[in-house]
Amino acid sequence: MPLELKCHVGIGPTVRGKALVADDNFSARYDLDRIKGVFSRPQHKLVGQSYRDVILVLNTAKGGVATAWMLHEMAARNIAPKAILFNSANTILAQGAALANMAMCDRFVDGDVTQLIETGDDVQVDPAAGIVTVMNKALA
């Protein structure tokens, strides 16, 4: 049975994909290799894993104004996540998601999104409705 999670109304199109989850923060500038499409900062919990075409689920956004153009560049080269879900995002990341036409949601009513969704879950993100649906839980 699908699990429906309510969140703040987000940005971008409705998308569906596999989740990649970490209780870690996110910086498009410092955490990613934007050419190879992987997390590259050695201290990041997702180091070495691809962020391309997944629903990223992370704690919070960090970083400054470079994030907006970096997300746009990644999307333009088709090396970007389908969506990013946060417990809390900042206005710069919201601007970047809008510029990249990338789905982004935050502020989940049901609790810590990094605990509610697991890596491998099939997730649908409907930012306009403020609803993220876990369609199928990953098999352990």
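A helix here is a DSSP run of H or I covering at least four residues, and helices are numbered from the N terminus. Keep that in mind as you look around this model, which is a predicted one. Let's start with a strand, move on to two helices, and finish with what's packed inside.

**Strand 2 and its neighbours**
- One partner is strand 8 (residues 122-126), which runs antiparallel to strand 2 and is joined to it by 4 bridges.
- To spot this pairing, find Val15 and look across to Val125, its bridge partner in strand 8.
- Another partner is strand 5 (residues 55-60), and here the pairing with strand 2 is parallel, over 3 bridges.
- For this pairing, go to Ala19, whose bridge partner in strand 5 is Ile55.

**Helix 1**
- Helix 1 runs over residues 66-76, and its buried residues include Ala66, Leu71 and Met74.
- Strand 3 (32-33), strand 6 (83-88) and helix 2 (91-100) are among the elements that cover the buried residues of helix 1.
- Just past the end of helix 1 sits Asn78, with a positive phi of about 60 degrees.

**Helix 2**
- At the start of helix 2, Asn90 has a side-chain oxygen within 3.2 Å of the backbone nitrogen of Ile92.
- Which residues of helix 2 are buried? They are Leu93, Gly96, Ala97 and Ala100.
- These four lie on the same side of helix 2, because they cover an arc of only 100 degrees around the axis.
- The cover over them includes helix 1, strand 6 and strand 7 (103-105).
- Just after helix 2 comes Asn101, which takes a positive phi of about 55 degrees.

- As background, nonpolar side chains tend to be buried together in soluble globular proteins.
- The largest nonpolar core has 25 residues, and the members that touch the most others are Phe26, Phe39, Leu56, Leu71 and Phe86.
- At least two residues of this core come from each of strand 5, helix 1, strand 6 and helix 2.
- Which element gives this core its largest share? That's helix 1, with 4 residues.
- Apart from this core there's another one, with 18 residues, including Phe108, Ile117, Val125 and Val132.
- Leaving out residues up to four places away in sequence, Phe86 touches Phe26, Leu58, Leu93, Met104 and Phe108, among others.

Notes:
Residues numbered from 1 in each chain as written. Predicted model: local features only at pLDDT ≥ 70, side-chain atom pairs only at ≥ 80, totals over all residues. Heavy atoms only, no water. Pairing = 2+ DSSP bridges. Buried < 20%, exposed > 50% of the residue type's maximum accessible area, 1.4 Å probe, protein only. Contact = heavy atoms within 4.5 Å. Arc of directions from axis to C-beta. Polar contact = N/O pair within 3.5 Å; in protein donor to acceptor, adjacent residues only side chain to side chain. Core = buried A, V, L, I, M, F, W, Y, C linked by side-chain atoms within 4.5 Å.
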